[in-house]
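Take a look at the sequence and the 3D view below. Then let's walk through the parts together.

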There are 2 protein chains.
Amino acid sequence: MAKAQKSTRETIVASAAKLFYAQGIRAVSVDAVAEAAGVTKRTLYYHFESKDELIAAYLEGRDQPNLLLFRKWFEAADGDLAEKAEAIFVNLARAARHPKWKGCGFLRTSAELANMPGHPAIRIGAAHKKTFEAWLAQVFAEAGINDAGELARQMLLLLDGSFAVVLLHRDASYMESAGKAAAMLVRAAMSAR
Amino acid sequence: MAKAQKSTRETIVASAAKLFYAQGIRAVSVDAVAEAAGVTKRTLYYHFESKDELIAAYLEGRDQPNLLLFRKWFEAADGDLAEKAEAIFVNLARAARHPKWKGCGFLRTSAELANMPGHPAIRIGAAHKKTFEAWLAQVFAEAGINDAGELARQMLLLLDGSFAVVLLHRDASYMESAGKAAAMLVRAAMSAR
DNA sequence: GTCTATAAGCCGATAGAC
DNA sequence: GTCTATCGGCTTATAGAC
């Protein structure tokens with residue numbers, strides 16, 4: 001019952017996540033994160049060696065929650081494999097219509113840090129997407145689809161494409177188009193099985 | 001024969017484009033752009049009211065060249081409609097393997113400026129993608145495809161998805177997967193025509 | 001572990017001369 | 001139209017007290 005009080009470190013990461021996602025990595029200063037967390041900058045630098053480490057901690061903290069959400073949407077959906085796959089996009093479209101939605105934090109960070117390919121935050125983002133892709137591939141393979149890996153890649157491309165396009169146009173209906181395309185590709189793979 | 005010498009303004013935009021694309025908008029200072037262009041900051045601010053205006057000019061200058069490249073790739077490809085569509089992805093994969101490739105400047109800028117939805121640079125990026133989508137829709141419609149608009153949207157999603165995913169993983173083979181998915185969707189639309 | 005205070009430098013933008 | 005010089009503020013990160 002009694003939930004452990006958040007540690008200072010967790011408070012800082014939570015504030016960083018909120019600000020980095022809302023405004024972007026380079027647009028948010030360490031000062032702003034410290035102030036939002038209610039600690040001084042000195043305390044923040046006691047817990048994190050650098051801003052880069054804080055960025056990495058922000059994305060690290062989003063990895064599992066995001067993956068679980070996608071799985072939940074998939075598993076909760078009725079219908080065949082194509083409909084369950086499409087459900088991810090439909091749910092995402094609903095989320096994207098919220099005014100605070102600003103795309104995918106992993107992709108936006110990798111876009112912002114494109115000139116630092118080895119940055120820890122980019123590694124974490126890449127690992128996150130690989131985990132999602134591997135989960136999809138497993139689901140498709142268990143359904144008896146032949147080239148499950150390729151289908152998983154294509155669905156990932158549609159998903160990340162919809163993140164990018166919806167962010168640019170602020171039109172969540174692109175996510176529904178992506179879902180329809182995904183469903184069509186799944187059906188084609190099912191019938192070729 | 002005699003090619004007009006580049007105006008100061010053009011020189012500045014060219015330097016800005018190089019630096020903004022290579023390093024990101026917020027990572028590049030106005031000082032750096034001025035120095036790369038070989039002018040003082042005062043001169044830069046004579047030609048541009050603000051950094052935001054300079055960012056907009058950078059993307060404005062990329063609009064037509066990028067669109068023309070995609071059209072060229074499409075038109076130069078042999079084969080049916082599906083193969084011509086796939087050719088865009090194959091050519092893009094080749095470009096993406098160049099070490100200086102850093103994704104799509106329009107999408108990266110929109111990711112970086114996600115907290116400023118009305119920013120002129122985002123408007124220019126959105127218009128650019130809409131023009132591309134409209135061209136695709138026209139090509140598909142002329143081929144007699146029923147829901148040409150929806151197919152164009154799906155292909156745009158695959159294209160922009162491949163920009164994002166290839167930038168994150170530094171693995172251009174995702175573009176070839178996107179191309180295969182696009183070809184499959186085009187073929188499905190062709191046979192349902 | 002958390003504080004106050006500050007270093008050392010870079011940021012976007014501007015003043016005024018020519 | 002381009003220059004030199006500089007503004008005030010913000011940046012990441014650190015020193016040293018408690």
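## Around the DNA

Of the 16 residues around DNA strand D, the ones that come nearest are D31(A), K41(A), R42(A), R42(B) and H47(B). Here a residue is near a molecule or strand if one of its heavy atoms lies within 4 Å of it. Before we go on: this is a predicted model, where local features need pLDDT of at least 70, side-chain atom pairs count only at pLDDT 80 or more, and totals for chains, interfaces and linings use all residues. Residues are numbered from 1 along each chain as its sequence is written, chains are lettered from A and ligands numbered from 1 in the order in which they are written, and side-chain values use heavy atoms, with hydrogens and water left out.

Of its atoms within 4 Å of the protein, 51% belong to sugar or phosphate, and the rest belong to bases. DNA strand C also has 16 residues around it, and the closest are R42(A), K41(B), R42(B), Y45(B) and K51(B). Of the atoms of DNA strand C that come within 4 Å of the protein, sugar and phosphate make up 48%.

| Residue | Polar atom in | Phosphate oxygen of | Distance |
|---|---|---|---|
| Y45(A) | side chain | DNA strand D | 2.9 Å |
| T8(B) | side chain | DNA strand D | 2.8 Å |
| T40(B) | backbone | DNA strand D | 2.9 Å |
| T40(A) | backbone | DNA strand C | 2.9 Å |
| K51(B) | side chain | DNA strand C | 2.7 Å |

Which elements give two or more residues to the surface near DNA strand C? They are α3 of chain A, together with α2 (30–37) and α3 of chain B. Helices (H or I, at least four residues) and strands (E, at least two) are DSSP runs, numbered from the N terminus. The largest share of this surface, 4 residues, comes from α3(A). For DNA strand D, the largest share is 4 residues from α3(B).

Helix α8 of chain A covers residues 148–169. At 1.5 Å a residue, its 22 residues should span 32 Å, and its end C-alpha atoms are 31 Å apart, which agrees. (The expected span is 1.5 Å times one less than the number of residues.) Because 21 of the 22 residues of α8(A) are buried, this helix is largely enclosed by the rest of the structure. Buried means under 20% relative accessible area, exposed over 50%, and partly exposed in between (1.4 Å probe, protein chains only). After α8(A) comes R170(A), with a positive phi near 55°.

Over in chain B, the 16 residues of helix α5 (residues 81–96) should span 22 Å, and the end C-alpha atoms are 23 Å apart, which agrees. Its buried residues include L81(B), I88(B), F89(B) and L92(B). The buried residues of α5(B) pack against α4 (51–76), α7 (120–142), α8 (148–169) and α9 (173–191) of chain B.

## One arginine in a loop

R26(B) sits in the loop between α1 (8–23) and α2 of chain B. Buried or exposed, or partly exposed? At 25% relative accessibility, R26(B) counts as partly exposed. R26(B) touches residues including Q23(A), R26(A), K51(B) and L113(B), not counting residues up to four places away in sequence; contact means heavy atoms within 4.5 Å. R26(B) and L113(B) are 87 residues apart in sequence, and 9.1 Å apart in space, C-alpha to C-alpha. The side chain of R26(B) also reaches the backbone oxygen of E112(B) at 2.5 Å.

## Cysteines

How many disulfides does the structure hold over all chains? The number is 0, where a disulfide is a pair of cysteine sulfur atoms within 2.5 Å. The sulfur of C104(A) is 16 Å from the closest cysteine sulfur, in C104(B), so the two are too far apart for a bond. C104(A) is buried, with a relative accessible area of 6%.

Technical notes:
Polar contact = N/O pair within 3.5 Å; in protein donor to acceptor, adjacent residues only side chain to side chain.
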